[in-house]
Amino acid sequence: MVFLVSKPSGDVEGARPDFCSQFLGSLPLAMANGEDDDHQFGVLLYYKYAQIPDLDDLVSFYKSNCISLGLVGRVRLASQGVNVTVCGKLCSLKSHIAVMKLNSLFDGTDFKLASCHQPMNDVVARECGFTSLSVRVVQELVTLRSNPVMKLPEITEAGTHLSAAEFHSVLGSAGLLSDEKKRIHSKDVVLLDARNLYETRVGKFKTPNIETLDPEIRQYSDLSCWIDDNSEKLRGKQILMYCTGGIRCEMASAYIKSKGSEFQNVFQLYGGIQRYLEQFPNGGFFSGKNFVFDHRISVGSSTEDIIGTCLNCGDPFDDYSSRCRCKYCRMLVLVCDNCQKKNTLYVCELCRKNGKDGGPISQFQSTKLEVVSQQSDHEIGSQQLPWSNGKVCRSPRKLRVLCLHGFRQNASSFKGRTASLAKKLKTMVEFVYVDAPHELSFIYHPRDRETCVTSSVQPNCPPPVEHCKKKFAWLIAEDITGKGSETKWEVADAVFDPLQYQKQTDGFEESFAYLKTVFSEKGPFDGILGFSQGAAMTAAVCLRKMSVKGAVDVRFAVVCSGFPLQIPELEHGVISCPSLHIFGSDQGNDRQIANKMSRDLASCFDAGCSVIIEHDSGHIIPTRPPYIDEIKAFLQRFL
Ligand SMILES: [Zn+2]
Ligand SMILES: [Zn+2]
């Protein structure tokens, strides 16, 4: 077998100091390009793991270079490298590559350039992030971490790179030989697809005699859990991994190798399926299409075989361009044109496996994955699209606002509590809800109707757990056993303590790290809104955003019924972020958070750009006039 070739190119020397200033804004739009390149469009993908010496410098370089070349798409930068998917005229993309190659930081980078058609519709363009340029600093280039406390593997420990030809030859020699000895040997080889379920459903590697492992995950951050749960399938094996363009295998292969000495034979297809299909235009061992995260949607081999099937009728079908999604988890699903006419609500195979049926969806059922579009049109807004012929086509702008719930709530319950607000702001704002990371035990008060006791329950017994939504917190009291423990019932030990929030001081750093992941996965957000404990957290995010280089960037904060957190940074300096504070007045009947506490928190913000609304409605966010008009007036400034 031909296993072993190029080492992952990890360490390279730093960028030339004059790199950015040399090229800022002064690039010729076309550098020695042919006629065709002036008119053809293309997509460019590349990533590079390397220590970035000056992130800010590189951010401004990308912004100015991409704007001057008219490129749109996503640029993600982290201290350990860059991940880029941009689209524009072929000649401009070639100019971009030429400039990047001058920087030694990008030595050895595999620039994958393909010509392409324009997005087939606005929905596809918007979902794929190709309506604008988004340059952002993130924690991870691709998010492998399933929770904020998970330790990432060292990228230098990534699996051995195999070129497309080498990968092909390994699959061929292990899979096609008929003599008994080699066949036994082939059992020691497993093929691991590192992509999400909806990607593997339209195309995958298939080889006789080699087992292909499909983790059937919704998102990349689920892969580490799958690896943990299925380590027996990988132990002692020669593991061949692949993904779309290669970047996901880098981290995941390092993660597998971090599991110990029996997990060291890990190999990855360098350049991913994309490079493989270029080498083997008839598909080789790959059948179906390569799902891609740009507006091409998928790229097939010359054979154009269809391995996907319609979720509804089972007919061969592999076209995601209508962007049908599961009504529960929002994952992409395959629904053929005929079935789309009959039905508009779908349930994916994973949700079906978990017992979700095809019944109507209620407003509060979908929680964590509230976001339909992965990217919104934001940042650098006035830029023209390369295919718009001078016209800027754009849907009405809405503010995306991340919502942080209060103590012992969850995304779903907070969505319910703010339904009236969301309705009144629906032309201006899209709210995105997430659960806090600290899971709480259920509490019930005997002979009481507290929490989620259902009518069928004996007054002195806890209600069945499956009837209850999990409750979460951003901060917990020191004596709480922490998250991840089994969901169980605890009898409330005393009467409700109105000052309990002052004892909840633990777990802040975990919550903050978790929010960074939320920003990187579900962002960007224009603003952040927090309620009660969520408001305290919101203030902390605004305070910290300067020191984390854009990892949690927002332009404004809406702080409702908040109180100041006991974190050292809050003691000195003001929070310079435009803010709207909504809380109960002196006679405001907020029995949970006193007026003075909310006032104290408001005073931590720069008074020059903060607005205060005091109301008489208790521990809620009021949505009646005149309050709603004041809220609208504040938000209007950011549209
Ligand atoms: Zn169908
Ligand atoms: Zn689903």
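The following questions and answers concern a predicted model of a protein.

Q: What is the average pLDDT of the protein, and what share of the residues score at least 70?
A: The model is predicted, and its confidence is given as pLDDT, on a scale from 0 to 100. The protein averages a pLDDT of 77. The share of residues that score at least 70 is 73%.

Q: Which element of the protein has the lowest mean pLDDT, and which the highest?
A: Helix α1, residues 19-23, has the lowest mean pLDDT, at 28. Over residues 1-34 the pLDDT is below 50, although this stretch has 61 contacts in the model beyond near neighbours in sequence. Where pLDDT is low, the predicted coordinates should not be read in detail.

Q: How many residues of strand β10 are buried?
A: Strand β10 covers residues 238-242. Gln238, Leu240 and Tyr242 point one way from the strand, while Ile239 and Met241 point the other way, and all are buried. The number of buried residues in β10 is five of five.

Q: Which residue in β11 is the bridge partner of Met241, and what is the handedness of the crossover from β10 to β11?
A: Strand β11, residues 266-269, runs parallel to β10, and three bridges join the two. In β11, the bridge partner of Met241 is Gln268.

Q: Which residues have the most contacts inside the largest nonpolar core?
A: In soluble globular proteins, nonpolar side chains tend to be buried together. The largest nonpolar core here has 153 residues. Helix α18, residues 533-544, gives the most to this core, with eight residues. The residues with the most contacts inside the core are Met241, Val401 and Ala539.

Q: What is the order of the strands in the open sheet of six strands, and which are the edge strands?
A: The pairing in this sheet is parallel, and the order is β15-β14-β22-β23-β24-β25. Each edge strand pairs on one side only. The edge strands are β15 (429-434) and β25 (610-615).

Q: Which residue in β15 is the bridge partner of Leu404?
A: Strand β14, residues 399-404, runs parallel to β15, and six bridges join them. The bridge partner of Leu404 in β15 is Val434.

Q: What angle does the direction of helix α20 make with that of β25?
A: Helix α18 packs on the sheet, touching β14, β22 and β23, and its direction makes about 145 degrees with that of β22. Helix α20, residues 627-636, also packs on the sheet, touching β14, β15, β24 and β25. The direction of α20 makes with that of β25 an angle of about 170 degrees.

Notes:
Residues are numbered from 1 along each chain as its sequence is written. Chains are lettered from A and ligands numbered from 1 in the order in which they are written. This is a predicted model: local features need pLDDT of at least 70, side-chain atom pairs count only at pLDDT 80 or more; totals for chains, interfaces and linings use all residues. A residue is buried if 20 or more other C-beta atoms lie within 10 Å of its own, exposed if 12 or fewer, and partly exposed in between; C-beta atoms are placed from the backbone. Helices (H or I, at least four residues) and strands (E, at least two) are DSSP runs, numbered from the N terminus. Two strands pair if DSSP finds at least two bridges between them. A nonpolar core is a set of buried Ala, Val, Leu, Ile, Met, Phe, Trp, Tyr and Cys residues joined through C-beta atoms within 7 Å. Two residues are in contact if their C-beta atoms, placed from the backbone, lie within 7 Å. Axes are lines fitted to C-alpha atoms, for helices over the stretch in contact, and angles run from 0 to 180 degrees between N-to-C directions.
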